[in-house]
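Here are some notes to read beside the structure.

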Amino acid sequence: MNLRQIEVFRAVMLAGSVSGAAQLLHVSQPAVSRLISYTESRLGFVLFQRLRGRLHPTPEAHKLFNEVEVLYQGVQRINGLASDMANQTGGVLRVACSPSLAYALMPMAIAKFSQRFPDVQVTLEGMLADTLIDSVLTQRADVLVAMVPVQHPRIQVHKLFRNRVVAVLPPEHKLADRKRLRVTDLKNERIIGYGAETPLAHAIGRLYDGARIAPRWVAEVMQTHVACAMVHQGLGIALVDELAQMGGAWPDLHVRELTPTIDLQVRIGYPRHEPLSAMVQAFVDEVQALRHPLLVPV
């Protein structure tokens, strides 16, 4: 039985008559009768018997109908999935990002995306640079958003926003009255640092090396919001990327520009040699269209 024969057989079973099946399928009654007769001849057994002017399915037809219903539900799921992809109304979008961007920038982007596509489930995972690249190459993530250079021949990358290193000071700190700080102003200040494998650790190291001073580490963390929490407790000063303050979780902390600074530009990446699904393209468009006073395009 091909799919058309299955469709007509199912319609007759549901409608209980050839005329009813013809109405369901928007075809003529003779067309339904001919296809049923042809199907019976191909199968080698009778599907329907006419008794007292009414059509009655045979036991073989009932058994066949059970399997047809399983197939039909599978076809319906395929059609539903295709419709969801066409209308971007369902499915799962997998996003990988630098850990710092998971705190503020990505929630903003995902919220905007979900306003347009509320039925799409978004998964977000913070990763370090090498893992970010691997996640896209192995298809564990559909798209990456990073604040470190992403270089791989199989990944297409676009620069999005400026993201400079800034200093976060606790309330009433002696340096809080300055609008801008030099890196040399941090000499002998208690500094909350980051794990050696993080982008901020490398950036801070370059800043201190350029100023020819050594940092005075008092703690080491992996995430900027943890560093800000420690600043809030008066443990010391944290150097963070400026987009970390978009979340607004620490309004009583003082954020000051640094001179010189390092720009940890935000980049978005996805497979270079594979066409993007409509859903992934929509997410890329939403991220590129984000607007915020701290978001400066590059």
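1. Two strands count as paired if DSSP finds at least two bridges between them. With that in mind, note also that this is a predicted model. Its open sheet has five strands, in the order β4-β3-β5-β13-β6, and the pairing is mixed. β4 (121-126) and β6 (155-161) are the edge strands, each pairing on one side only. From one strand to the next, the twist averages 20 degrees.

2. How do β6 and β13 pair? They run in the antiparallel sense, with six bridges. Within this part of the sheet, Ile155 stands opposite Pro271 in β13.

3. Helix α6 (residues 129-137) packs on the sheet. The helix touches β3 (92-97), β5 (143-146), β6 and β13. The direction of α6 makes about 165 degrees with that of β5.

4. Most residues other than glycine have a negative phi, and most peptide bonds are trans. The bond from Thr259 to Pro260 is cis, with omega near -10 degrees. Pro260 is in the loop between β12 (254-259) and β13 (266-271).

5. His26 is not a glycine, yet has a positive phi of about 60 degrees. His26 sits in the loop between α2 (18-25) and α3 (29-43). Is this residue, His26, buried or exposed? His26 is exposed, because its relative accessible area is 73% and the cut-off for exposed is over 50%.

6. Glu172 also has a positive phi, near 65 degrees, in a residue other than glycine. The loop that holds Glu172 lies between β7 (165-169) and β8 (180-182). Glu172 counts as exposed, at 80% relative accessibility.

Note on methods:
Residues are numbered from 1 along each chain as its sequence is written. This is a predicted model: local features need pLDDT of at least 70, side-chain atom pairs count only at pLDDT 80 or more; totals for chains, interfaces and linings use all residues. Side-chain values use heavy atoms; hydrogens and water are left out. Helices (H or I, at least four residues) and strands (E, at least two) are DSSP runs, numbered from the N terminus. Buried means under 20% relative accessible area, exposed over 50%, partly exposed in between (1.4 Å probe, protein chains only). Axes are lines fitted to C-alpha atoms, for helices over the stretch in contact, and angles run from 0 to 180 degrees between N-to-C directions. Contact means heavy atoms within 4.5 Å.
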